[in-house]
Amino acid sequence: MSATTSSGGRQLAGIALFAVAVACVPLVTSSGVALNFVMMALYATLIAQAWNILGGFGGQFSFGHALFFGTGAYIQAIAQLQGGINPWVALPLAVAGAAAVGLFVGALSFRYGLKGSYFALVTLAFAEVFRILAVSVSFTGGGVGLMVPLRESAANMQFASRGGYLWLVLAFVVAALLVTWWLRNGRFGAYLQAVRDNEDAARAVGVNPFRIKLAAIGLSAAFMGAAGAFYVQVFQYIDPSIAYGSVTSVEALVAAIVGGMGTLWGPVLGAVVLHVLADLTRNLFGELPGINMVIYGVVLVLIVIFLPRGIAGIGQSVRQLWSAQGKKGNHHE
Amino acid sequence: MFDFSILFPSLLNGLTTGAVYALIALGLTLIYGVLHIINFAHGACLMAALYAVYFLKERLGVDPYLALPLVMAGMFAFGYGLQRVVINRAGHGKDENILLATLGISIVLENLALLFFKSDTRSIDTAYSLSTVAIGPAMIAVPKLVAFAGALVVSGLLFWIMGRTDLGRAIRAVAKEKEGAKLMGIDVDHVYAMSFGIGLACLGAAACFLLPAYYVNPQVGGGFVLVAFTIVVLGGMGSFVGALVGGFLVGVVESIGGLVLGESLGQIGIFVIFIAVVLFRPQGMFGAKA
């Protein structure tokens with residue numbers, strides 16, 4: 001099961017290939033529908049990968065990842081509106097702010113040994129507290145939300161075509177893939193998975209579970225913050241229920257679980273599959289409120305029952321079977 | 001100085017709300033105590049029950065209080081089936097999987113309601129909806145008084161089932177020692193499903209008591225989920241007495257907190273209490289192991 005250097009190298013090549021192939025999409029098509037689909041699938045991939053860092057590799061299931069998404073989104077919007085800060089400068093602030101909230105929630109939760117269902121519920125409660133706060137205070141625009149004025153230029157991170165946004169979110173996704181690659185192949189990732197699989201055993205060999213989990217939630221929250229900032233740049237609008245409501249939390253978790261937790265390509269797979277499903281239902285039934293979420297919920301339940309390792313788990317099982325047979329037939333690579 | 005004449009109605013109000021909270025929490029704590037799972041879909045199931053009560057009244061003219069046995073039976077059957085068909089198969093030996101399955105169920109229920117009934121907030125009109133009685137210096141709505149008494153009666157019934165019947169003994173046996181119960185010839189899967197069904201039947205009762213003085217929309221369950229979890233954790237996971245006391249306590253704190261702090265901050269209060277309790281006193285008031 002341990003990843004060898006050669007498989008690590010092949011994974012890197014895979015990430016490079018993915019990056020180049022997706023980056024070429026805006027060059028070969030100018031169809032708004034196609035570009036929009038790829039962009040939104042990448043965005044869903046980003047939040048799924050962010051969730052996967054903490055949930056998949058760390059085994060800490062968050063039900064409130066919108067907490068970090070919303071914080072990034074609000075910082076991105078408020079920095080521009082009230083600070084007059086350029087969006088490219090606001091972006092690192094949004095990422096850092098989201099990571100800081102992640103570290104705060106993580107420090108509290110992990111200090112008191114919260115895990116499993118309790119951690120899930122506490123993250124949800126934190127997201128709710130932030131939602132109510134965002135409705136109540138004035139600098140978030142209250143329930144009305146914040147609108148970022150349209151000033152189309154690359155210097156202002158507002159692109160004339162969907163292609164620009166696609167490249168931007170692709171950059172985030174590739175960064176998240178590289179971090180995931182590092183988790184699979186590096187020392188920190190090994191520690192994190194050791195803590196996930198058996199915290200006491202990990203502690204016994206000298207790993208500090210608190211620090212490891214804290215780093216994981218910080219990293220995970222940082223990518224959610226980037227996703228929030230991206231959301232604000234694309235839609236130029238944010239309000240408390242978009243920012244801290246359950247939809248983003250659910251999307252992140254369902255895509256990661258459907259694709260396969262703790263894997264490199266699982267979240268990508270999950271996000272794409274869910275988006276194709278969502279598009280199909282939209283074509284079949286039209287724009288109905290809630291229908292996407294019904295599909296997501298049904299898929300989640302089915303995956304948990306029949307494929308607890310996600311879609312990527314099928315590939316793993318097939319590969320294990322394959323290599324077992326390969327050993328027998330003596331053409332093992 | 002506190003003026004008691006302002007505080008008293010608020011206290012009374014909190015106690016009546018607390019009784020319904022307790023009923024909801026009893027269902028949750030029963031499911032936790034026996035199956036050792038957190039039913040994240042508890043709020044969504046309450047929402048479904050509220051819609052059932054609503055449509056029974058609006059379409060068929062059945063009074064919510066008369067609908068009680070029907071709604072309880074319906075919710076019981078729903079819970080029994082849900083446990084047998086979905087939740088029982090989702091575990092694969094991990095608590096997180098069950099939590100995810102119940103999350104999936106709650107997403108499906110809430111969004112089906114959104115799909116079919118739209119996001120409109122609905123309430124029913126009964127002859128007694130607006131009538132009040134005077135208790136000391138306070139005027140209290142009749143439906144709230146009925147809810148208080150009714151919740152206590154249903155809770156008493158639940159205590160009786162758990163304490164005095166064969167079913168209750170089987171449930172307690174399974175909760176304590178699953179393998180041993182199996183060896184004694186108890187059908188564990190059946191007991192699990194019965195417990196889940198009874199837990200949801202409590203929601204059916206709560207819905208009948210709630211709706212005459214309350215409302216229903218697809219998101220209504222969300223507010224109750226964390227309240228119920230707060231009560232259950234506060235009372236000690238799996239403890240019935242804890243859930244009852246915790247229900248009253250949270251009802252009163254919420255009501256008086258709303259009076260002192262105002263509506264929106266009062267809403268935050270419940271989440272802050274939840275976070276604080278889970279972090280600092282996960283064993284609850286009565287020291288039961290979480």
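What share of the 290 residues in chain B is buried? The points below start there.

1. **Burial in chain B.** The model is predicted. Buried residues account for 52% of the 290 residues in chain B.

2. **Overall form of chain B.** The radius of gyration of chain B is 19 Å. The globule rule gives 19 Å for 290 residues, so chain B is as compact as a globular protein of that length. The C-alpha trace of chain B spans about 60 × 45 × 35 Å along its principal axes.

3. **Secondary structure of chain B.** Chain B has 11 helices and two strands. Along the sequence the order is α-α-α-α-β-β-α-α-α-α-α-α-α. Take the contacts in chain B between residues at least 6 apart in sequence: 78% of them join residues at least 24 apart.

4. **Helix pair α5(B) and α8(B).** Helix α5 of chain B covers residues 142-164, and helix α8 of chain B covers residues 188-210. Their axes come within 9 Å and cross at roughly 165 degrees. Angles over 145 degrees count as roughly antiparallel, so α5(B) is roughly antiparallel to α8(B). The crossing is right-handed. From α5(B), the contact uses Val146(B), Ala147(B), Gly150(B), Ala151(B), Val154(B) and Leu158(B). From α8(B) come Cys202(B), Ala205(B), Phe209(B) and Leu210(B). By class, this contact has nine nonpolar residues, one polar residue and no charged residues.

5. **Helix pair α7(A) and α8(A).** In chain A, helix α7 (residues 162-185) packs on helix α8 (residues 187-197) at an angle of about 70 degrees. Their axes are 5 Å apart. The range from 65 to 115 degrees counts as roughly perpendicular, and α7(A) and α8(A) are therefore roughly perpendicular to each other. Trp182(A), Leu183(A), Arg184(A) and Asn185(A) of α7(A) meet Phe188(A), Gly189(A) and Leu192(A) of α8(A). The contact of α7(A) with α8(A) has four nonpolar, two polar and one charged residues.

6. **Where the chains meet.** In the contact between chains, 32 residues of chain B touch 34 residues of chain A. Four helices of chain B each supply at least two residues of the chain B side: α3 (64-90), α4 (95-117), α9 (220-235) and α11 (263-280). Which helix gives the most to that side? The answer is α4(B), with 15 residues.

7. By class, the side of chain B that touches chain A has 23 nonpolar, six polar and three charged residues.

Conventions. Residues are numbered from 1 along each chain as its sequence is written. Chains are lettered from A and ligands numbered from 1 in the order in which they are written. This is a predicted model: local features need pLDDT of at least 70, side-chain atom pairs count only at pLDDT 80 or more; totals for chains, interfaces and linings use all residues. Axes are lines fitted to C-alpha atoms, for helices over the stretch in contact, and angles run from 0 to 180 degrees between N-to-C directions. Angles under 35 degrees count as roughly parallel, over 145 as roughly antiparallel, 65 to 115 as roughly perpendicular and the rest as oblique. A crossing is left-handed if the near helix is turned anticlockwise from the far one by less than a right angle, and right-handed if clockwise. Two residues are in contact if their C-beta atoms, placed from the backbone, lie within 7 Å. Ala, Val, Leu, Ile, Met, Phe, Trp, Tyr, Cys and Pro count as nonpolar, Asp, Glu, Lys and Arg as charged, and the others, Gly among them, as polar. The radius of gyration is taken over C-alpha atoms; the globule rule is 2.2 Å times the number of residues to the power 0.38. A residue is buried if 20 or more other C-beta atoms lie within 10 Å of its own, exposed if 12 or fewer, and partly exposed in between; C-beta atoms are placed from the backbone.
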